[in-house]
Amino acid sequence: MRRKIAAGNWKMNGTTTALSELATLAGQIPANAPNVVICPPATLLIASAEACAGTGVSIGAQDCHMQASGAYTGDISASMVADTGAGYVIIGHSERRDAHAESDADVNAKAQQVWGAGLTAILCIGESGAVREAGTTLEVIAAQLAGSLPDAATGANCVIAYEPIWAIGTGKVPTLEQIVEVHDFIRAGLVTRFGAEIGNRFSLLYGGSVKPDNAATIFEAENVDGALVGGASLKASDFAPIIAALAAS
Ligand code: PEP
């Protein structure tokens, strides 16, 4: 069995007043809930981990540095994330790959830092709109996986999030057939590379404009094990129905 995971990425949103959303969310998680992860800004990691202790909600960071320590002003390391009480780190989000010029090799190095700190990586991959239109999505996905996913990856230490860049924050969602095609392709690639036992254990998340009204359809896909959700994770009233749809899938 694979873990079902609903992960929320708050991006650069939220101050301490947003912590009340965590308590509200924790109170709305169904008994058969999947794993729920909230990734608040770094400033809220400690308070979020404290607020969610003993609830079904885990906390994750949105990034970490590719080195363990050193002269990297403004950055945080994986061990610093672990020290906050968080259990997950998003790495390779397209907004980091784009705005911070992160390469597949950088993401690969970050994954190894995440695992060295005993955390689980949520590793993001996904094609641009231009790539989708050019018809080379699967080639790009294969290259991103080959370059950014280390050989030491397992279903226990790594979750893979497929996030078409053109669907993030745009309200545009791929068709179910497009989602199925890419997720099945990722699964097949993992099985080829790691063998069936390990390859079938990775949880694969879809991300990009997941909302309460489209989540159930997306979760119909066999190789969609959950979602990475941006905007709709900011309010418990939006995220809770997505979690419920995943629990029911
Ligand atoms: C994201 O940022 O990872 C994301 C999927 O955002 P949204 O749900 O807002 O499209």
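Helices H7 and H8 are oblique to each other, so start your tour by selecting this pair in the predicted model. H7 covers residues 137–148, and H8 covers residues 176–194. Look along their axes: the two helices pack at an angle of about 40°, with the axes 11 Å apart. An angle counts as roughly parallel under 35 degrees and as roughly perpendicular from 65 to 115, which is why this pair is called oblique. Now check the handedness: H7 passes H8 in a right-handed crossing.

Next, select the ligand and the residues around it. There are 14 of them, and Lys-11, Glu-163, Gly-169, Ser-209 and Gly-230 come nearest.

Now zoom in on the ligand's oxygen atoms. Which residue brings a polar side-chain atom to 2.9 Å from a ligand oxygen? Select His-93 to see it. Then move to Ser-209, where a backbone N or O atom lies 2.8 Å from an oxygen atom of the ligand. At Gly-230, a polar backbone atom is also 2.8 Å from a ligand oxygen.

Finally, show the surface: the ligand taken alone exposes 290 Å², and the protein buries 97% of that.

How values were computed:
Residues numbered from 1 in each chain as written. Predicted model: local features only at pLDDT ≥ 70, side-chain atom pairs only at ≥ 80, totals over all residues. Heavy atoms only, no water. Near = heavy atom within 4 Å. Polar contact = N/O pair within 3.5 Å; in protein donor to acceptor, adjacent residues only side chain to side chain. Areas by Shrake-Rupley, 256 points an atom, 1.4 Å probe, with all protein chains shown as cover. Axes fitted to C-alpha atoms, helices over the stretch in contact; angles between N-to-C directions. Helix = DSSP H or I, 4+ residues; strand = E, 2+ residues; numbered from the N terminus. Parallel < 35°, antiparallel > 145°, perpendicular 65-115°, else oblique. Left-handed = near helix turned anticlockwise from the far one by under 90°.
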